[in-house]
Amino acid sequence: MFSLTVNSPKPLSLSTPFLPSHPHPPPSITHKPNLTPKPIKIVSLIIPPSGQKYSLGPQQQQLYQPFRPPPSPLPPKFRNLDTNSKLEVLANRLGLWYEYAPLISALFSEGFTPPTLEELTGITGVEQNRLVVGAQVLESLVESNVDKETLAYFDTGGSELLYEIRLLNARQRADAARFSVRNGFDAKQAQDVARAMKDYPRRRMEYLWDKFDGDSPGDCLAFWLFRLAQEHAAAGAKESRVDAMEKALEVVESESGRNVLVQELQGKEVAKESVVDDAMTVPLVRLKFGEVAESTTVVVLPVCKAEQREFELEAAPWECVGVGEFGVVEADKDWRRWVVLPGWQPIAGLERGGVAVAFKSGKFLPWREKRKYKEEPVLVVADRGRKEVALDDGFYLVLGVGNGSGDEGLKVERGLTLKEMGVNKSLGMVLLVVRPPRWDDEDQLVDDD
């Protein structure tokens with residue numbers, strides 16, 4: 001109990017010439033205020049020591065969350081090692097590679113740098129990165145329940161192979177690892193498998209795409225080699241075409257894909273089922289970052305602006321060829337704006353009259369565009385040598401009539417629509433529509449290491 005003594009205030013007495021004196025004294029206090037302190041409620045959470053249990057209410061049990069440290073990535077036999085012992089394990093390669101690979105990350109967290117580790121252990125910076133990433137990929141294969149025969153292959157090495165399939169998802173990694181191990185692939189071949197598996201979904205508009213199985217690593221690689229053979233054929237390299245086709249036959253897994261390759265290799269025309277709806281018969285592709293550098297053949301085209309109407313289109317160079325031992329590109333006239341595109345099949349054989357028309361947005365295209373693509377710029381590749389409106393399901397460059405809104409530039413119209421309007425001549429037939437590359441595109445290869 002607290003003991004509290006309260007002194008009653010004394011009467012205030014002021015004696016100053018500046019204040020008037022009161023004839024009556026101030027009234028006295030007739031009651032005492034209740035100054036007894038109220039009891040204070042103290043709510044505290046007492047964590048019981050180890051071995052004792054207290055019954056807490058349901059609300060308090062939700063508030064208390066015991067700390068659980070994350071599991072250590074190191075194998076049990078390496079967890080209690082000091083820094084010098086970790087360096088010794090790495091320097092002498094004591095154990096399996098995927099067991100001592102996490103020691104590299106542990107030493108990084110202690111302040112070591114790749115050059116320092118290379119000096120102390122002899123493991124180069126490139127190999128350090130490959131070991132760390134390879135161990136992480138191998139762990140994901142274990143979680144995906146990959147068969148023991150495939151996992152056993154990586155007991156004696158293979159980190160470089162796992163490093164190349166790091167960009168695939170868990171299911172694709174498992175399929176690519178099984179396929180690469182079964183075929184005895186090296187790191188370069190595993191890289192081709194990974195790129196082919198990532199590239200296959202975005203080739204939906206390509207020739208005979210539907211004949212190959214996108215869930216099969218062998219079919220994805222075979223289709224990638226099949227496209228490469230077509231590029232060689234467009235460039236006139238017959239031996240390279242045959243070589244690519246034979247490699248595709250070695251890895252293809254589906255029966256339909258094998259039939260395509262056999263008939264193409266024998267020079268027979270393959271009957272293609274139409275998989276494109278009636279409103280979209282011109283290839284619409286999105287350029288990938290680095291795709292031009294990876295292409296064996298490229299196409300160089302002059303670029304015109306759609307708002308410059310037909311004047312700039314007619315003034316653009318008609319022919320652009322590579323001459324000399326270095327393949328120096330020469331045009332028949334000077335021009336300021338050019339674009340380099342991969343040698344895709346629709347434009348691979350375009351030698352004279354090819355041109356790329358730059359549109360500020362996709363809303364000028366004659367098909368229904370998704371809202372997120374309407375304001376995206378596009379390049380329309382056309383052949384000025386094919387001006388006759390011959391195909392109903394083809395697309396052609398024409399001059400927009402305009403309605404005073406400022407959109408009197410070039411536009412793309414369907415052949416059937418032009419025939420109904422009585423138009424028999426165009427400015428060129430559309431071969432391809434290209435969208436710009438995007439970092440946020442789900443089909444892009446992003447190195448997130």
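Select V355 and A382: the bridge partner of V355 in β7 is A382. The model is predicted, so local features require pLDDT of at least 70 and side-chain atom pairs pLDDT 80 or more, while totals for chains, interfaces and linings use all residues. Residues are numbered from 1 along each chain as its sequence is written, and side-chain values use heavy atoms, with hydrogens and water left out.

**Stop 1**

Helices (H or I, at least four residues) and strands (E, at least two) are DSSP runs, numbered from the N terminus. Two strands pair if DSSP finds at least two bridges between them.

Show β6, residues 354–359, and β7, residues 378–383. Six bridges join them, and the two run antiparallel. Now pick V357; V380 of β7 stands opposite.

Colour by accessibility next. Buried means under 20% relative accessible area, exposed over 50%, and partly exposed in between (1.4 Å probe, protein chains only). Six of the six residues of β6 are buried, so β6 is largely enclosed by the rest of the structure. In a regular strand the side chains alternate between the two faces of the sheet. Check each face of β6. G354, A356 and A358 sit on one side, V355, V357 and F359 on the other, and all are buried.

How many of the six residues of β7 are buried? Six of the six, so β7 too is largely enclosed by the rest of the structure. V378, V380 and A382 point one way. L379, V381 and D383 point the other way.

**Stop 1: the neighbouring strands**

Then go to β2, residues 298–305. Three bridges join β2 to β6, and these strands run parallel. V303 stands opposite A356 of β6.

**Stop 2: a positive patch**

Stay on β2 and select K305, which lies in this strand. At 33% relative accessibility, K305 counts as partly exposed.

**Stop 3: salt bridges**

Side chains of opposite charge can pair when their charged atoms come close. A salt bridge here is a side-chain nitrogen of Lys or Arg within 4 Å of a carboxyl oxygen of Asp or Glu. The count comes to 16 salt bridges.

Select D199 and R203. Their side chains meet in a salt bridge at 2.9 Å, N to O. Both D199 and R203 are buried.

R227 is buried, and so is D199.

Which residue forms a salt bridge with R286? E376 does, with the closest N and O atoms 3.0 Å apart. R286 lies in strand β1 (residues 284–286) and E376 in the loop between α16 (371–374) and β7, so the pair ties together parts that are 90 residues apart in sequence. R286 is buried, with a relative accessible area of 11%. E376 counts as buried at 9%. Finish with the network: shared partners join D199, R202, R203, R227, K288 and E291.

**Stop 4: loops**

Most residues other than glycine have a negative phi, and most peptide bonds are trans. Pick R93, in the loop between α2 (83–92) and α3 (97–109). Its phi is positive, near 50 degrees. R93 counts as partly exposed at 32% relative accessibility.

Move to N145, in the loop between α5 (125–143) and α6 (148–153). Phi of N145 is positive, near 60 degrees. N145 is exposed, with a relative accessible area of 67%.

Last, select L167, in the loop between α7 (159–164) and α8 (170–183). L167 is partly exposed at 25% relative accessible area. Draw a distance to Q191, 24 residues apart along the chain: the C-alpha atoms are separated by 10.0 Å.
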